[in-house]
Amino acid sequence: MRKVLVTGSNRGIGLGFVKHLLGGGDVVFAGCRNPDGAAALKALQPEAGERLVVMPLDVTDEASITQAATVVDDSGGNLDLLINNAGVGGDQTALGNIDADDMLQTYRVNVAGPLMMAQTFAPLLAKGNGPFIVNITSLMGSIADNRGGGWYAYRTSKAALNMVCANLALDLKPQGIGAVVLHPGWVRTDMGGSGATLSIEESVGAMLNVVDHLTLSDSGKFFNRNGGREPW
Ligand SMILES: NC(=O)c1ccc[n+]([C@@H]2O[C@H](COP(=O)([O-])OP(=O)(O)OC[C@H]3O[C@@H](n4cnc5c(N)ncnc54)[C@H](OP(=O)(O)O)[C@@H]3O)[C@@H](O)[C@H]2O)c1
């Protein structure tokens with residue numbers, strides 16, 4: 001039984017993570033911006049009981065992150081797995097109409113958010129069992145794989161997240177904490193759209209299989225859901 005925190009857990013891939021982790025017997029701290037409106041998440045509460053802790057968490061709000069860390073700390077002071085899942089797609093307008101403020105807001109969620117989460121939760125992870133930070137990135141953040149162009153805010157934010165993860169892997173190694181970036185594939189969510197190739201269950205099940213087999217020697221790597229490596 002692990003203690004796991006998932007950000008952006010009220011819908012999409014994040015909600016899929018929560019369901020799968022609860023099904024496997026884990027304790028889940030489910031962070032979401034608006035717990036009152038998180039009906040699908042709260043519907044899991046009766047069956048999960050104390051293994052599901054739904055808590056407010058906006059990854060762009062440092063006070064909110066600190067408050068979430070207090071909730072986890074009060075439950076025993078340790079955390080085994082942090083899944084930095086929350087993300088936004090950003091402005092998709094083409095070159096010529098890109099809005100700098102949107103770009104910065106995308107960075108606040110997709111780059112600074114996971115970093116502030118890692119920074120705040122590192123002391124709790126250091127007390128965990130085989131602790132890992134799993135950052136949900138995208139192949140769209142791969143410079144080597146970019147053949148389509150466009151999507152400036154999203155692509156660059158995920159490339160920056162990849163560098164954040166490479167840095168975390170180095171900086172947290174002495175504390176025994178691993179960090180990876182994981183690409184979920186193209187998934188049918190609000191962000192991925194209805195034409196995507198994978199169901200949430202297919203993607204999440206495969207990703208958690210990868211997570212279950214991580215060792216510290218994997219830290220700093222860019223994986224896909226099948227456990228293969230992706231190019232930076
Ligand atoms: N779907 C795909 O095909 C695909 C492919 C590659 C990578 N990804 C990545 O997978 C992750 C999950 O994507 P998804 O498809 O599940 O997206 P989604 O359906 O749009 O859900 C995004 C989640 O992130 C949350 N979120 C947004 N801003 C937040 C903030 N400031 N603080 C906390 N939570 C916030 C949302 O909360 P609200 O409900 O409050 O807005 C929502 O729970 C993202 O990092 C995404 O980049 C997705």
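Reader: What pattern does the protein follow along the sequence?

Author: Read along the sequence, the pattern is β-α-β-α-α-β-α-β-α-β-α-β-α-β. Helices (H or I, at least four residues) and strands (E, at least two) are DSSP runs, numbered from the N terminus. This is a predicted model: local features need pLDDT of at least 70, side-chain atom pairs count only at pLDDT 80 or more, and totals for chains, interfaces and linings use all residues. Residues are numbered from 1 along each chain as its sequence is written.

Reader: How many helices and strands?

Author: Seven helices and seven strands.

Reader: What share counts as buried?

Author: 43% of the 232 residues. A residue is buried if 20 or more other C-beta atoms lie within 10 Å of its own, exposed if 12 or fewer, and partly exposed in between, with C-beta atoms placed from the backbone.

Reader: Switching to the ligand. How many residues surround it, and which are the closest?

Author: The ligand is surrounded by 28 residues, and Gly-8, Gly-12, Gly-87, Thr-189 and Gly-192 are the closest. A residue is near a molecule or strand if its C-beta atom, placed from the backbone, lies within 6 Å of it.

Reader: Which helix gives the most to that shell?

Author: Helix H1 (residues 12–23), with three residues.

Reader: And which residues of H1 are buried?

Author: Gly-12, Ile-13, Gly-14, Leu-15, Gly-16, Phe-17, Val-18 and Leu-21. They pack against E1, E2, helix H2 (39–42), strand E4 (81–84), strand E5 (132–136) and helix H7 (200–212). Contact means that the C-beta atoms of two residues, placed from the backbone, lie within 7 Å.

Reader: What comes after H1?

Author: Gly-25, with a positive phi near 95°.

Reader: Now H4. What span should it have, and what does it have?

Author: The 13 residues of H4 (residues 62–74) should span 18 Å at 1.5 Å a residue, and the end C-alpha atoms are 18 Å apart, which agrees. The expected span is 1.5 Å times one less than the number of residues.

Reader: Which H4 residues are buried?

Author: Ile-65, Ala-68, Ala-69 and Val-72. They cover an arc of only 105° around the axis, so they lie on the same side of H4. The arc is that of the directions from the helix axis to the C-beta atoms.

Reader: What do those buried residues pack against?

Author: Strand E1 (3–6), strand E2 (27–32), strand E3 (52–56) and helix H5 (100–125).

Reader: Which exposed residues are on the face turned away?

Author: Ala-63, Thr-66, Thr-70 and Asp-74. Just after H4, Gly-76 takes a positive phi of about 135°.
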